[in-house]
Structure formats: structure tokens, C-alpha cells
Amino acid sequence: MKLLIGGAVAALVALAPLAAEAHGPSRKKVEEKVVINAAPEKVWAVVGNFQDMSWLPPVEKTEGKGGNEVKATRTLTLKGGATVDEELYKYSAEQRSLSYRISKVDVKTLPVNNYSSTIKVEPAEGGKSTVTWDGAFYRGYMNNDPPPELNDEAAVKAVSGLYKAGLESLKAKIEKSGS
């Protein structure tokens, strides 16, 4: 009996690498941070308005409904005309944190699926603020053997680049205005 069970375990162990390759994409995570020379309340006044994403460089216009209430929606119109539809699913003014999901985006615009994200503003030393923007998502192509522009690396690069550009733009906007 031991030999039979041992043989079955050995067979399963031998097949494990094949199963890992066949399951499709795995969820990726990205986190970027920036320190802004302004009080958290001042930074949150900009970041905490779900209906305004004007601080994000590719965004030309934000239109939405529901303010900062859970289930509020917004459509970001990007330079060039592409759109991204998003829904707020968590909001805390007290914790200066908001979380949202992309409900609709063309993978040619942002090569991701099942994207969710959180932006948080926290106090930093010297009266400054740390803004953390993190996201979790799957690549743009959900089957095996994705084309290069829709693979894991493309998704991580696109989201990381967006976060870095957004946070640098936010920092410049707030520090320049002094507000």
C-alpha cells in the first residue's frame, strides 16, 4: 500500500510543473510612492476627489456620478480620445484612502484585466505627505502565450509608468501651487 501511495505522490509531483504552466496568467501587483512637501490634508484635497483626475498626465477630462460615495463612477477621457470607466468601491476621508476598479478599458489603452487600485495619503516627517498608489491586475491577454504587448511585463510596465508619471505630476501640481 505504501508503495502505491508513494508512486501516486511521485506522479503528482512530476505533473505539478505542467499544471503551473497551464493555468494562465497570475495576478500582478505594482506599488509606487512619492513624498510631497505639503500637509496630508492639502494632498488629500486633490487626491480624495474621485470625480477629478486632472492631475494624471494622460487624462484630458473626468466625468462622473456619485461624488465620493461607494459605487460612484467616472469616465476618464484620455488625450487621443480613449476612455477608461472606473468605479469607487472603498472610500475613507478619515484614513485618506480610496479604492477603485476599472470596469471598462480597451487593452490597447492599458494592457490589463480585472484591475483594482488604492491611493492613500499618509503623514511624513517634517509636515510632508507620502502618497502610495498600488494596484493589482492581470495582463491584457488572459490566455496562454500572450502577444508581447499584452503580456505580464507589458502590463506591469504600463501600470508602473502610469503611477510614476501620475505621482510626479501630483507632486509638481501641489508643490507649485503651495496649496
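What percentage of the contacts with a separation of 6 or more in the protein chain is accounted for by residues 24 or more positions apart? The share is 51%, a contact being heavy atoms within 4.5 Å.

The model is predicted, with local features requiring pLDDT of at least 70 and side-chain atom pairs counted only at pLDDT 80 or more, while totals for chains, interfaces and linings use all residues. Residues are numbered from 1 along each chain as its sequence is written, and side-chain values use heavy atoms, leaving out hydrogens and water.

**The whole chain**

Begin with the protein chain coloured by secondary structure. Three helices and seven strands are present, in the order α-β-α-β-β-β-β-β-β-α; these are DSSP runs numbered from the N terminus, helices being H or I of at least four residues and strands E of at least two. Next, display the surface: the accessible area is about 10,300 Å², with 55% belonging to carbon and sulfur atoms (Shrake-Rupley method, 1.4 Å probe). Of the 179 residues, 36% are buried, where buried means under 20% relative accessible area with a 1.4 Å probe, protein chains only.

Select residues 128-139, which form strand 7; nine of its twelve residues are buried.

Now select strand 6 (residues 112-124), which runs antiparallel to strand 7 and is joined to it by eleven bridges. V112 faces R139 across this pair. Three residues lie between the two strands of this hairpin, where G126 takes a positive phi near 75°.

**The nonpolar core**

Select Y115, V131 and W133, the residues with the most contacts inside the largest nonpolar core, which has 35 residues. Such a core is a set of buried Ala, Val, Leu, Ile, Met, Phe, Trp, Tyr and Cys residues joined through side-chain atoms within 4.5 Å. Among the elements supplying at least two residues each are helix 2 (40-47), strand 5 (97-105) and helix 3 (152-177). Helix 3 gives the largest share, six residues.

**The largest pocket**

Finally, select L56, L78, V84, L110 and L162, which lie nearest the centre of the largest pocket among its 15 lining residues. The pocket has a volume of about 170 Å³. Strand 3, strand 4 and strand 5 are the elements giving two or more residues to its lining. On a 1 Å grid over the protein atoms alone, a pocket is an open set of points where a 1.4 Å probe fits, with protein on both sides within 12 Å along at least five of seven lines; lining residues have an atom within 4 Å of a point. The volume is the space filled by probe spheres set on the points, which are joined across faces, edges and corners.

Note on methods. Buried < 20%, exposed > 50% of the residue type's maximum accessible area, 1.4 Å probe, protein only. Pairing = 2+ DSSP bridges.
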